[in-house]
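Reader: Hello! Could you take me through a close look at one part, the place where the two chains meet?

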Amino acid sequence: MTANILGEFEGVVKRFKEIGALNGLTFKIYKGVNGLIGPNGAGKTTTIRLSLGLIKPDTGSATLLGFDCWKQSLDLRQRIGILYEKPAFYDHLSGLDHLKLMAKLKKLSDPLGESKQVLKLVDFDNEAQYRRISGYSAGMRQRLGLAHALLGQPELIILDEPTSNLDPLGRAQVIELLNTLKKRGFSFLISSHILSELEKVCDHVILMNGGIAVRQGMLASLLSEVPSGIFRIKVHPNEPIVDLLKQEESVKSVTPVENYLIVITYNAHKFQQRLPFLVARANAFLEEVKMEGNDLESLFKIAVAQGDKR
Amino acid sequence: MWPNNALIDLFKAEIQKAWSFPILEIAVGLIAFTTIANIHVLLNISTQTGLLASFSILISDSFFDSLYSQMLFLSIFCGVLVSLSFARDYEQGFMQTLLSSPVSRSVVFLVKFFAVILPLTILTWVMTTSIVFLNFYSGSSVMVVIEKALWALPVIFIALMFCGGFAAFISLSLKRTIPSVLTVVLAGFSIWYISTVTSDVVGNIANYFILTPFPVPLIALSRVFGRVVTPFISLGDFEYVLPTWVFWVLSVFYALVFLVPVYVYFTRRFEIRE
Ligand SMILES: Nc1ncnc2c1ncn2[C@@H]1O[C@H](COP(=O)(O)OP(=O)(O)OP(=O)(O)O)[C@@H](O)[C@H]1O
Ligand SMILES: [Mg+2]
């Protein structure tokens with residue numbers, strides 16, 4: 001198994017003034033597609049910046065491909081591909097010229113050939129590649145950024161929200177592309193909160209919340225562990241019913257996540273019977289009840305709920 | 001390490017970016033304006049007195065004066081360009097792209113800094129040297145022309161290193177374009193104001209200690225060439241008392257005083273946080 005490990009974070013802590021962005025983050029990255037999943041502010045972007053040596057960890061160690069992320073960052077950057085949330089380029093150059101420059105900086109043997117090759121991969125081999133980047137749409141920039149990340153067949157490709165800015169068609173294309181590249185032996189670390197998409201490509205997932213990894217493992221085995229009898233309800237107002245639910249004997253735990261309540265029950269049937277009565281007693285309005293299934297979204301919500309309880 | 005092809009391309013891309021429209025146009029216009037304004041004043045004086053010969057003398061004497069009078073806007077302009085290059089790139093996320101590419105931080109810093117400083121030095125030098133050639137046409141000796149043209153280059157370079165280093169320091173600390181540009185403009189204006197307009201004790205103290213990156217290399221050069229340049233900023237007795245090496249040391253000091261700390265900070269500790 002160790003041969004398959006591409007990277008390891010050990011108790012990484014990073015504080016920005018008072019705010020702890022990472023609070024003892026520990027996880028491993030394996031060959032294949034790794035999903036870094038977490039709500040807004042979980043610390044995904046911070047983790048990625050730290051991987052590229054743009055941020056120095058306060059304590060803990062972060063290594064990728066056997067290199068220390070901060071101290072040996074230059075060696076690491078030679079072997080890694082990266083796409084940030086908001087990709088930035090030399091806007092006065094054309095897409096192709098920018099890639100060619102980046103390919104030269106990566107010391108590739110055939111900068112022009114390899115640039116054209118990655119442009120073709122991301123479906124960007126039209127005349128737009130000869131136009132100045134300043135005139136590109138957000139989607140075109142995203143595609144160009146993706147092409148940049150693939151340049152030079154990196155040993156690990158890190159993508160921060162690769163499908164943001166793309167229309168549904170573009171998203172599907174990117175997911176398909178990732179699947180193709182995965183079969184060719186590329187490895188990825190992908191951060192996203194569009195879980196239905198990640199589900200289609202990830203082998204291994206790391207669930208992050210509040211700057212720590214709350215769950216991690218093979219996607220298939222994590223999904224099979226999702227317990228039944230977990231409900232997601234949306235009630236307005238929220239507060240009074242929480243106390244009532246906590247007193248119910250069929251209820252194990254109640255956790256607010258975003259504007260939902262995640263309710264873990266002992267007895268799903270009993271809970272469903274009691275719920276309308278409780279809502280009425282709390283003088284509240286029930287907007288939505290959903291039993292969680294075994295998909296990544298449920299796994300994510302439950303993990304966040306359990307993470308909060310610890 | 002001899003710069004390879006890729007680094008030259010990177011440098012070229014940075015220069016194109018830093019000098020894209022309308023920056024180059026503004027720079028040429030402003031330098032031309034101040035240069036011509038200076039010549040114009042001199043021409044007026046010499047024709048009014050009816051002595052064309054005095055034109056030659058006036059120009060010869062005032063070459064470095066004219067360059068100095070440009071330092072107000074040059075230092076500010078230089079500072080603004082450096083601030084744009086560092087702070088705006090940080091804000092727009094391009095610094096993140098550069099620092100994530102397989103190029104060392106030293107290279108990124110030096111490429112960005114000199115993509116502003118070198119073209120600006122050359123531009124200023126070419127345009128102010130045109131005064132020297134007017135000087136030549138009005139009957140001065142070839143040696144004087146060449147000597148002055150040669151002196152101008154390092155003097156401009158050191159002064160711009162000083163201003164640019166200051167601007168890099170400000171913009172990498174503030175990490176915001178508009179506050180950095182404003183700070184640099186205000187600082188440039190106050191330095192000029194204190195060292196040239198006020199002639200009282202404050203002005204002199206300012207000159208002695210921090211505000212003379214321009215005359216100091218000039219004096220150092222004039223000592224080596226065995227000529228005495230009339231200082232347009234009064235350095236008082238210091239100019240005559242201090243030995244030559246002090247002026248060399250001071251020149252290096254001015255060039256590096258901000259640059260070295262900000263370089264060390266950028267290569268060792270700088271973080272991308274947004
Ligand atoms: N420069 C900064 N100064 C202060 N706090 C910061 C800074 N950058 C990030 N943080 C904090 O660190 C935490 C993690 O931020 P990060 O950007 O890594 O989250 P994220 O998981 O990428 O979120 P998103 O899904 O919104 O992109 C947040 O709570 C954020 O407020
Ligand atoms: Mg993010």
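Author: The rule finds two salt bridges across the interface of chain B and chain A, a salt bridge being a side-chain nitrogen of Lys or Arg within 4 Å of a carboxyl oxygen of Asp or Glu. In a salt bridge with an N to O distance of 2.4 Å, the side chains of B:D9 and A:K104 meet. On the side of chain B that touches chain A, α1 (5-18) and α4 (94-100) of chain B each supply at least two residues; helices here are DSSP runs (H or I, at least four residues), numbered from the N terminus. The largest share of that side, eight residues, comes from α1(B). By kind, the residues of this side divide into eleven nonpolar, eight polar and eight charged, with Asp, Glu, Lys and Arg counted as charged, Gly among the polar, and Ala, Val, Leu, Ile, Met, Phe, Trp, Tyr, Cys and Pro as nonpolar.

A word on the source: this is a predicted model, in which local features need pLDDT of at least 70 and side-chain atom pairs count only at pLDDT 80 or more, while totals for chains, interfaces and linings use all residues. Residues are numbered from 1 along each chain as its sequence is written, chains are lettered from A in the order in which they are written, and side-chain values use heavy atoms, with hydrogens and water left out.

As for extent, 27 residues of chain B are in contact (heavy atoms within 4.5 Å) with 26 residues of chain A. The area buried between them is about 2400 Å², of which carbon and sulfur atoms give 59%; buried area is the accessible area (1.4 Å probe) that two parts lose on being put together, summed over both.
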